[in-house]
Amino acid sequence: MGMTDPEFQSIADAIERSGWCVHDGLLETSLVAALADECLDMDAQARLKPAAVGRSGKRRLAAAVRGDRTRWLDQSFSVPQATFLARMLGLRDALNRRLLLGLQQLEAHYAVYPAGAHYDRHRDRFRDDDARVLSTVLYLNRDWTDADAGALRLYLPDGTHHDILPAMGRLALFLSADFEHEVLAPARPRMSIAGWFRQREFGVA
Ligand code: OGA
Ligand code: MN
């Protein structure tokens, strides 16, 4: 289950064709469940912190812009985190074989949006730093329904938008430079792992 070559190919095809993609079931359900449980536990222990906006040096707390709590993943922290990060690097290698994106590191964090929290419309590539190439979001919410709201709203180049519900195991991917998007307020807590594939080493201008 999951991570088969045809799945990688269909993701690569979609990114090549339109710059974005939604894929269900790429990661095995036991891994997604372990990540959801860990995120819930860590948040209950107050190990996720209110997110900031902008890069270090210019960071400011910005609850008006985004209301999520986050914590960076680290492969040395737990087996689920290490497994997730390794799987995503497998996806990276498959994408790099097909597309000329030059993806290198993945930075990724758990995020919890409490009920009613949102993230204003934005782009993931910073004005002064073009390192982020491909944005990824894995959703960790069991039994999510339309009534739970909290969609990722992706603004498409043709002026329309596409709403993606944060259902368990769903992976959304889009080119960081090209797609404005926002997180609509959920009716209950909404968990995810947001990640960014970068195009060169950390700290290299
Ligand atoms: C982000 C973001 C989208 C989502 O963290 O930059 O846009 O659906 N997240 O959680
Ligand atoms: Mn974003």
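1. **Metal site.** The manganese ion (ligand 2) is coordinated at 2.1 Å by three residues: H122 through NE2, D124 through OD and H181 through NE2. Bear in mind that this is a predicted model. Along the chain, the donors of this manganese ion follow the spacing H-x1-D-x56-H.

2. **Burial at the site.** Are H122 and D124 buried or exposed? H122 is buried. D124 is buried too.

3. **Strand pairing.** Strand β9 covers residues 152-155, and strand β10 covers residues 161-164. The two run antiparallel. Four bridges join them.

4. **The turn between them.** β9 and β10 form a hairpin with five residues between the strands. Which residue of this hairpin takes a positive phi? It is G159, with a value near 95°.

5. **Second largest pocket: space and centre.** This pocket holds about 180 Å³ of space. Twelve residues line the pocket. Closest to its centre are L85, L89, Q105, L106 and E107.

6. **Second largest pocket: where the lining comes from.** Helix α3 (79-98) supplies at least two of the lining residues. So does β6 (106-113).

7. How many of the lining residues are nonpolar, polar and charged? Seven are nonpolar. Three are polar, and two are charged.

Definitions and conventions
Residues numbered from 1 in each chain as written. Chains lettered and ligands numbered in written order. Predicted model: local features only at pLDDT ≥ 70, side-chain atom pairs only at ≥ 80, totals over all residues. Heavy atoms only, no water. Donors = N, O, S within 2.8 Å, 3.2 Å for Na, K, Ca; no water. Buried < 20%, exposed > 50% of the residue type's maximum accessible area, 1.4 Å probe, protein only. Pairing = 2+ DSSP bridges. 1 Å grid on protein atoms, 1.4 Å probe; cavity = no way out; pocket = protein on both sides within 12 Å on 5 of 7 lines; lining within 4 Å. Points joined across faces, edges and corners; volume = space filled by probe spheres on them. Nonpolar A, V, L, I, M, F, W, Y, C, P; charged D, E, K, R; others polar.
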